[in-house]
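Subject: Structure handover

Hi,

Here is the structure for your files. My notes on what turned up in it follow below.

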Amino acid sequence: MTDQSALPEAARSSTPLPRPVRSSLDLIGRTPIVELTTFDTGPCQLFVKLESQNPGGSIKDRIALSMIAAAEADGSLKPGGTIVEATAGNTGLGLAQVALPKGYKLILVVPDKMSREKVQHLRAIGADVRTTRSDVGKGHPEYYQDMGARIAEEVGGFFVNQFANPANPHAHETTTGPEIFEQLDGDVDAIVVGVGSGGTLSGIGRYFKRVSPKTKMVLADPKGSILAPLVETGETIEPGSWAVEGIGEDFVPPNADLSLVSRAYTISDRESIAAARALLEQEGILAGSSSGTLLAAALRYCREQKEPKRVVTLVCDSGNKYLSKVFNDVWVAEQGLIEKIRHGNLRDLVARGFAEGGTVTVSPEDTLSTAYARMRSADVSQLPVIEHGALIGLIDESDVLGGLRPDEHNGRGKFSASVRDAMVTSLNTLQADEPVEALLPVFERNEVAIVLDGDEFVGLITRMDLINHERLAF
């Protein structure tokens with residue numbers, strides 16, 4: 001017989017399970033709240049509202065539903081019309097989920113720093129995705145919002161403009177805010193939010209200003225965004241750049257009522273990524289990069305308090321949208337977002353160290369099919385060949401192609417041929433303690449740099465690794 005006391009609370013609950021619904025749109029909202037118990041929260045209780053549980057995986061489902069409904073109601077959006085929006089990805093996913101089943105066309109303009117998973121999701125659901133630059137500001141023709149507005153005008157479409165659309169904060173004022181109030185029995189001392197379009201801050205802030213004047217709105221902002229410095233000092237800084245997606249701005253969105261903010265924190269990318277990864281490791285909650293920013297700010301706020309407070313923040317979206325970035329050790333290292341010992345030599349440029357298990361390799365007895373599959377899955381063009389822990393060769397795309405000797409019966413190459421027969425064994429190597437300048441002759445020969453420490457294999461360095469090293473130094 002099962003010991004019911006050992007089951008999670010949800011499994012022991014006598015509350016009836018939700019009944020079937022007729023559309024995934026009926027599942028938007030009413031997301032759960034979890035208390036975080038493994039973090040140092042000072043004298044406070046810290047809760048997270050899991051907006052990642054919305055059917056589109058983010059808080060933006062709420063505003064997509066609200067903005068499309070409002071456009072339909074006021075006649076801005078006609079049957080069969082075209083919807084255009086500039087988005088960091090999640091608003092686009094929400095819009096696609098609502099718009100495409102209704103027969104609308106959808107064009108989305110996204111900055112090129114967006115995660116691969118978001119773009120693939122958008123295209124899979126049927127959106128027309130246009131990628132533009134993320135290194136330009138408002139007023140530039142390739143700035144994503146300006147480009148979105150221009151496309152909408154060209155095609156005669158409805159430009160959603162989440163940054164100024166009043167249906168955006170309305171969604172949070174009428175759903176997200178009331179839910180938090182109900183779930184925490186009306187006892188909320190602070191709510192930590194970010195600003196992308198400003199709807200979350202303004203909508204929740206207006207609701208709590210009305211029903212719970214004691215509740216403070218706290219802003220979490222990426223380093224490089226102008227918003228937190230503006231709140232804290234009243235001055236507008238020169239905007240920088242940041243890796244976190246979906247929050248932070250180089251202007252104040254019309255929907256962002258910064259007068260609602262009582263305290264603002266500037267959070268670095270490194271702190272955001274570390275917090276998002278810690279949330280998964282410690283609480284089992286897979287959250288995106290902006291959620292890491294919010295959590296880091298919430299933890300700072302909690303630890304600064306002298307008296308117990310009840311603080312809530314948001315898991316804005318699911319971390320499964322960032323597996324290739326936030327939860328990819330190589331990407332995090334390449335972005336300089338983890339502490340790393342610097343040697344001042346070639347060791348600093350090895351992105352996938354062999355000793356740490358980061359290097360994708362093959363053995364000489366593996367097939368060309370295996371080598372090809374590993375190159376594709378790891379997004380690399382060459383693999384070290386390892387036998388008994390030692391480097392004995394290298395195989396790249398051209399070697400695989402050359403190794404596909406035509407079969408005498410059907411004239412096609414055999415992927416079952418061995419790596420040993422196709423690999424290169426005459427290797428030019430560099431020692432790990434050599435300077436960065438030693439790479440230049442290697443790349444001039446169109447080779448990849450093979451780095452050794454004595455006879456031990458350290459890893460490979462590509463041109464892209466060198467470019468990334470120079471970018472971080474700059």
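Is Asp40 buried, partly exposed or exposed? Asp40 is partly exposed, with a relative accessible area of 48%. Here buried means under 20% relative accessible area, exposed means over 50%, and partly exposed lies in between (1.4 Å probe, protein chains only).

Some ground rules before the rest. This is a predicted model, so local features need pLDDT of at least 70 and side-chain atom pairs count only at pLDDT 80 or more, while totals for chains, interfaces and linings use all residues. Residues are numbered from 1 along each chain as its sequence is written, and side-chain values use heavy atoms, with hydrogens and water left out.

Salt bridges

Searching the whole structure gives 26 salt bridges. The term means a side-chain nitrogen of Lys or Arg within 4 Å of a carboxyl oxygen of Asp or Glu.

Asp40 pairs with Arg303, with 3.9 Å between the closest N and O atoms. Helices (H or I, at least four residues) and strands (E, at least two) are DSSP runs, numbered from the N terminus. Arg303 is partly exposed too, at 45% relative accessible area.

Asp187 and Arg310 form another salt bridge, their closest N and O atoms 3.4 Å apart. This pair also links distant parts of the chain: Asp187 is in the loop between helix H6 (167–183) and strand E7 (190–193), and Arg310 is in strand E10 (residues 310–315), 123 residues away. Asp187 is partly exposed at 29%, whereas Arg310 is buried at 17%.

Asp366 bridges to Arg374, with closest N and O atoms 3.5 Å apart. Asp366 is buried at 19% relative accessible area. Arg374 is partly exposed at 31%. Elsewhere, salt bridges with shared partners join Lys49, Glu51, Arg62 and Glu179 into one network.

The whole chain

The protein chain has 16 helices and 15 strands. Its C-alpha atoms fill a box of roughly 75 × 65 × 55 Å along the principal axes. The chain has 474 residues, and 51% of them count as buried. Among contacts (heavy atoms within 4.5 Å) with a separation of 6 or more, 67% come from residues 24 or more positions apart.

Best wishes
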